[in-house]
Amino acid sequence: WKAAQEEYGTLFRAAPADTNLEYGYLLVMLRQRKYDEALDQSAKVLAADPGNLPALQARVYILTLLKKYEAALVEMETMAKALVKPRTPPLTPEDARDYARFLGRVWGYIHGPSLSALTEQSRETARERINAALGKNG
């Protein structure tokens with residue numbers, strides 16, 4: 001972990017605006033199970049690149065691991081909006097499906113094992129908002 005921190009510091013000094021570097025460091029934090037730090041790092045990546053789908057995916061994952069389900073639902077909506085937003089280059093159909101599947105898996109978890117942690121109203125509101133963001137009805 002210490003070596004990764006030092007390497008990040010060196011690389012950051014060379015390329016302070018590189019969101020790929022920031023995202024890579026986020027992945028190192030996840031690998032090291034430094035979830036609170038990784039959550040902060042995801043915010044840093046998203047501040048520079050709000051539609052960064054890998055960083056949004058990581059953020060949803062981390063919030064779910066930390067059992068911050070309400071926040072995870074909010075970020076799922078943000079991710080759904082980013083997923084359908086036109087981008088250059090466009091997402092491949094496979095990538096779009098993978099991100100949509102991820103949202104579905106997290107929704108299944110939140111609607112299953114963590115069901116008691118959320119009110120029915122908050123789950124229903126989130127479902128409606130995420131579906132609306134994805135362009136689905138009901």
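Me: Axes here are lines fitted to C-alpha atoms, for helices over the stretch in contact, with angles from 0 to 180 degrees between N-to-C directions. At what angle do the axes of helix 4 and helix 5 cross?

Reply: This is a predicted model, where local features need pLDDT of at least 70, side-chain atom pairs count only at pLDDT 80 or more, and totals for chains, interfaces and linings use all residues. Residues are numbered from 1 along each chain as its sequence is written, and side-chain values use heavy atoms, leaving out hydrogens and water. Helix 4 (residues 53-65) and helix 5 (residues 69-84) have axes that come within 8 Å and cross at roughly 165 degrees.

Me: Are helix 4 and helix 5 roughly parallel or roughly antiparallel?

Reply: Under 35 degrees counts as roughly parallel, over 145 as roughly antiparallel, 65 to 115 as roughly perpendicular, the rest as oblique. The crossing angle is roughly 165 degrees, so helix 4 and helix 5 are roughly antiparallel. Their contact (heavy atoms within 4.5 Å) includes L56, V60 and L63 of helix 4 and A72, M76 and M79 of helix 5.

Me: What makes helix 5 and helix 7 a separate case?

Reply: Helix 7 covers residues 120-134, and its axis crosses that of helix 5 at roughly 10 degrees. Helix 5 is therefore roughly parallel to helix 7. Among the contact residues are L73 and M76 of helix 5, with A126 and I130 of helix 7.

Me: How does the span of helix 5 compare with what its residues should give?

Reply: At 1.5 Å a residue, its 16 residues should span 22 Å. The end C-alpha atoms are 23 Å apart, which agrees.

Me: Which elements cover the buried residues of helix 5?

Reply: The cover includes helix 4, helix 6 (93-111) and helix 7. L73, M76 and A80 are among the buried residues of helix 5.

Notes
Helices (H or I, at least four residues) and strands (E, at least two) are DSSP runs, numbered from the N terminus. The expected span of a helix is 1.5 Å times one less than its number of residues. Buried means under 20% relative accessible area, exposed over 50%, partly exposed in between (1.4 Å probe, protein chains only).
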